[in-house]
Amino acid sequence: MAIITMRQAISQALWEEMDRDERVIILGEEVGLWGGTYAVTKGFYDHFGPERVRDTPIAEGVIAGAANGAAMAGLRPVAEIMTINFAFLAMDQIVNHSAKIHSMFGGQIKVPLVIRTVGGGGRQLGSTHSQTPDVVFAHFPGLKVVAPGTPHDAKGLLKAAIRDENPVLFIEHATLYQTRGEVPEGEYLEPIGVSKVQRSGRDVTIVSYSKMLQVSLQAAEQLAAEGIEAEVVDLRTLRPLDMGPVLQSFRKTNRAVIVEGGWRSFGVGAEVAARIYEEAFDHVDAPIRRVAQQEVPLPYNRELEQMMLPQIEDVIRAVKEVL
Amino acid sequence: MDRQELIRLYYQMVLIRRLEERSAELYQQDKIGGFLHLYIGQEAVGVGVVSARRPQDHVITAYRDHGIAIACGLTAEEVIAELLGKETGCSKGMGGSMHLADVDKRFWGGYAIVGGHLPLATGLALAEKYRGTDTATICFFGDGSTNIGYFHEALNLSKVWDLAVLWVCENNQYGMGTAVERASAVSEIRRKAEGYGMANAQVDGMDVLAVRQATLEALERVRQGEPFFLEAMTYRFRGHSMGDPERYRTGEEVRKWQEGDPIGRFYDHLLKEKIADQAALEAEEARAEKEVEQAVRFAEASPDPSPEQVYDLVYVK
Ligand SMILES: Cc1ncc(C[n+]2csc(CCOP(=O)(O)OP(=O)(O)O)c2C)c(N)n1
Ligand SMILES: [Mg+2]
């Protein structure tokens, strides 16, 4: 096992898949000469060349659209949308094209596309550059939405996404790139659409993903010091959503807290809680709690921004409420 | 072009016309649902352009797609079956009128979000460029689509990346009820391509041979690895879709254009040049009529798709 950062893990996944399959190309703003806004594709342009690593104009609609078209015609493009906030300008391509084309034409066209993008707040970038609208995309059947919380999963899931025959939105978190973790030597894949227990415990189930997985794991550490053993389930994929490990854990602990980086209303917590109530109502010992971002556009001011985002203490407080 | 090929073009145009007229009836009988956009009046554009492609060249268009589908070689059976939502339709009843496709014939389909397929065309062309082929991508769209952001993003990208796209604007003078001059800052649409330094031409879209010739010349350049913009001046004789009150244009204007009916003009041309006599052309018309009637029977007798299919097609397994 090697210990590497999230950035390295994602970069390795891309590099290995490009090495392995000629059909994989990268396109997006500043992915080439610049080396990627978040330095994920540093060195790719020199190694793979300008035909495989394509700098695009600032035109999200045609970035996603050209990637769709190239995927239809048999390539396996990895399009980078600089941040998820700009994916709204590509929303029509993602929602009305990527997610529909296979079904709408009776199955004769495949769109094996990956859109990599970066979400999340906490970097004082103001309200338009700090959003976590993952659920917006997870709403649409036909699209897969993946959001890893560890380097291990980021690498294995991105490789799986590139090999998937369906369009996959791969959401990285802006504040996780330096997060370190163990990654196996050599080739491995992680399955899309499979949730995973990242920490075992018997007292309460914390359901989370992406950045909030890390926050939840830290909260679990602190709770353990007080003798409370939390089980942390990482969704990893929002669509298709795998409730198996969540329900299994809940049937054991009978208490759940769901932690997400986006807004609470109509969010991941709402969905997961509803499914627990539907599927495991007899096991409910306490009302399920949701921890999420405050319902405001994020402010610039450092303290205020952090105050609006879910913190370790918020998770700990919620856990104590359900116990 | 040899005699047979010319007669084949005539047949295609008549087949489209007859298929569209029959579709209108089926719509009135409530056998076709949703939106139905007829191609009547524009036959020379689709048929002329597609006749100039090589079989490997890609074709993609908007929702007004029946004529282009036929021009690409889809049969009346699979088109009408799709309009009726049947399992035997080219898109298995999943798409309907606006979403015909047949990838084996390199017809990548009709798309219903105005302008949304222009970026797809750049992607199809990008894949060909990457593979080093000289396959062209032909993208049809309406005049109304030239005012949306996608148009500009796609034209620009095709030029910066030297993509082999033939952009074909079917200027039928209106986007729904809005005349070109009321919607576009530049009413000579061809000129928009100049903003991207793109070679361009305008052609009489009611003259199938002129369209074909202009396309052959354009494709010559496209195959060298550059986009080209072709504006075909045309007109739809029917409403935008079924149930259009047509308050935005006069009957006189419609009649004026109908005098230049592309099928009538081609008919006169074939007679005048002694390529075919009246009897031969009437035989083609009868054959088209028969193909459409046979297709309607086929479609009506076809089964509906199963509910399982709807679930099965959400993702590639
Ligand atoms: C993005 C979007 N906006 C609006 C519509 C509704 N709409 C459908 S067709 C159309 C007019 C398009 O005109 P044009 O591009 O000239 O094509 P034509 O119908 O004349 O063939 C409009 C506004 C749509 N389908 N998509
Ligand atoms: Mg129009």
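Is D207(B) buried, exposed or partly exposed? I looked it up: D207(B) is partly exposed, with a relative accessible area of 27%. Here buried means under 20% relative accessible area, exposed over 50%, and partly exposed in between, with a 1.4 Å probe and protein chains only.

**Ground rules**

I note that this is a predicted model, where local features need pLDDT of at least 70 and side-chain atom pairs count only at pLDDT 80 or more, while totals for chains, interfaces and linings use all residues. Residues are numbered from 1 along each chain as its sequence is written, chains are lettered from A and ligands numbered from 1 in the order in which they are written, and side-chain values use heavy atoms, with hydrogens and water left out.

**Entry 1: salt bridges**

I began with charged pairs. Side chains of opposite charge can pair when their charged atoms come close. A salt bridge is a side-chain nitrogen of Lys or Arg within 4 Å of a carboxyl oxygen of Asp or Glu. I searched the whole structure and found 48 salt bridges over all chains.

D207(B) pairs with R265(B), and their closest N and O atoms are 3.8 Å apart. This pair links distant parts of the chain, 58 residues apart. D207(B) sits in the loop between strand 7 (199-204) and helix 9 (208-222) of chain B, and R265(B) in helix 11 (residues 262-272) of chain B. Helices (H or I, at least four residues) and strands (E, at least two) are DSSP runs, numbered from the N terminus. R265(B) is partly exposed, at 34% relative accessibility.

Next I checked chain A. E16(A) forms a salt bridge with K159(A), with 2.6 Å between the closest N and O atoms. E16(A) is in helix 1 (residues 6-20) and K159(A) in helix 7 (residues 151-163), 143 residues apart in chain A. E16(A) is partly exposed at 23%, whereas K159(A) is buried at 0%. I also traced a network of salt bridges that includes E16(A), R20(A), K159(A) and E187(A).

**Entry 2: ligand 1**

Which residues are closest to ligand 1? They are Y63(B), R64(B), G144(B), S145(B) and N172(B), out of 14 residues that surround the ligand. A residue counts as near if one of its heavy atoms lies within 4 Å. The shell divides into six nonpolar, six polar and two charged residues. Ala, Val, Leu, Ile, Met, Phe, Trp, Tyr, Cys and Pro count as nonpolar, Asp, Glu, Lys and Arg as charged, and the others, Gly among them, as polar.

I then read off some atom distances. A nitrogen atom of ligand 1 is 2.9 Å from a polar backbone atom of A112(B). A backbone N or O atom of V114(B) lies 3.0 Å from a nitrogen atom of ligand 1. An N or O atom in the side chain of H240(B) is 3.4 Å from an oxygen atom of the ligand.

**Entry 3: H66(B)**

H66(B) lies in helix 3 (residues 66-71) of chain B. H66(B) is buried, with a relative accessible area of 1%. Leaving aside neighbours within four places in sequence, I found H66(B) in contact (heavy atoms within 4.5 Å) with residues including L19(B), E20(B) and H37(B).

**Entry 4: backbone**

Where is P240(A)? P240(A) is in the loop between strand 12 (237-239) and helix 9 (244-253) of chain A. The peptide bond from R239(A) to P240(A) is cis, with omega near -5°.

I also looked at K274(B). Its phi is near 55°, a positive value in a residue other than glycine. K274(B) is exposed, with a relative accessible area of 73%.

Terms used:
A polar contact is a pair of N or O atoms within 3.5 Å; within protein, one must be able to donate a hydrogen and the other to accept it, and residues adjacent in sequence count only if both atoms are side-chain atoms.
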